[in-house]
Amino acid sequence: MSTNLEGNRAKLLISCPEKPGIISTVTNFLLEHKANIVHFDQHTTDPQAGIFFMRIEFDLEDFDSSFVQLESDLHVLARDYDLDWQLSSNKKKKRMAIFVSKMDHALMELILRWKSKEIPVEIPMVISNHADLKEVVESYGIPFYHIPMSKETKEDAEKKALELLKGKVDFIVLARYMQILSPNFISKYPNQIINIHHSFLPAFVGANPYVRAFNRGVKLIGATAHYVTNDLDEGPIIEQDVQRINHRYAAEDLKIAGRYVERRVLAEAVSWHVEDKVLVHGNKTIVFT
């Protein structure tokens, strides 16, 4: 994870149809704007007729005026070369809302990494369908909003959450938020909602996955972080990891080990998202690590 927050650092993500000369076109464009390239990564799905992906970090002199001009000129370049692009700056931190229910392990991992500046974001709010974690969240100076949710109140609860979020956040993290978001909610933040779940799906779906895994005698447990789509737990995967276990693990030991993997995987995925290292292509991701 990067904690390097140079004030004149910018990041450019590009995707476009594969074509000869695209790298030189973009790098020469940056050179014309007096950008000093610091990191460069690229990938193509097919050298002949695929999709090309590029991530560039660069520094700019006279940053404020140079950044505005470069952003303006990128619109012209994108039109001429059929580019999809995203430009960001270290001067502006992303704003992350966290949704949580009762389990605090994923939430606390994010808060502690935020507090230590390992994940350079702002946290305008934590939203929960339970009040259990209100005191601990507010002890870090983070606003906590309790929005109860049931089958009957789901639509109104989501409407209230969207009103709280509007204009205040850039992306959302579901840190073991035990509710399924509606298509209407998801449509407001496409590829901007990150979820974490145990990797037993689909074999151990539903309640008590670690107990069911214990009863099956599994040898590996894991976790998956992904973007949320309307297809439950089938969105583009950002990060995964596993931990080997054995017959000495009781069901409670599996839960403890599982929480550890979930914390690590979610924090990594959030960090990569914040650092603009993830590009979504269909239902897959290209992650420049």
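Let's start with the sheet: 4 strands make an open sheet in the order β2-β3-β1-β4, with antiparallel pairing. Strands here are DSSP runs of E with at least two residues, helices are runs of H or I with at least four, and both are numbered from the N terminus. Two strands pair if DSSP finds at least two bridges between them.

This is a predicted model, where local features need pLDDT of at least 70, side-chain atom pairs count only at pLDDT 80 or more, and totals for chains, interfaces and linings use all residues. Residues are numbered from 1 along each chain as its sequence is written, and side-chain values use heavy atoms, leaving out hydrogens and water.

At the edges sit β2 and β4, each pairing on one side only. β1 and β3 pair in the antiparallel sense over 9 bridges, and Lys11 stands opposite Glu57 in β3.

| Strand | Residues |
|---|---|
| β1 | residues 9-17 |
| β2 | residues 35-44 |
| β3 | residues 51-60 |
| β4 | residues 84-89 |

Now the helices. α1 (residues 22-32) packs with α2 (residues 63-81) at an angle of about 160°, their axes 11 Å apart. Axes are lines fitted to C-alpha atoms, for helices over the stretch in contact, and angles run from 0 to 180 degrees between N-to-C directions. α1 and α2 are therefore roughly antiparallel to each other (angles over 145 degrees count as that). Their contact (heavy atoms within 4.5 Å) involves Ile22, Thr25, Phe29 and Leu30 of α1, plus Leu70, Asp73, Leu74, Leu77 and Tyr81 of α2.

As for α2 and the sheet, α2 lies across β1, β3 and β4, running at about 175° to β4.

Terms used: Angles under 35 degrees count as roughly parallel, over 145 as roughly antiparallel, 65 to 115 as roughly perpendicular and the rest as oblique.
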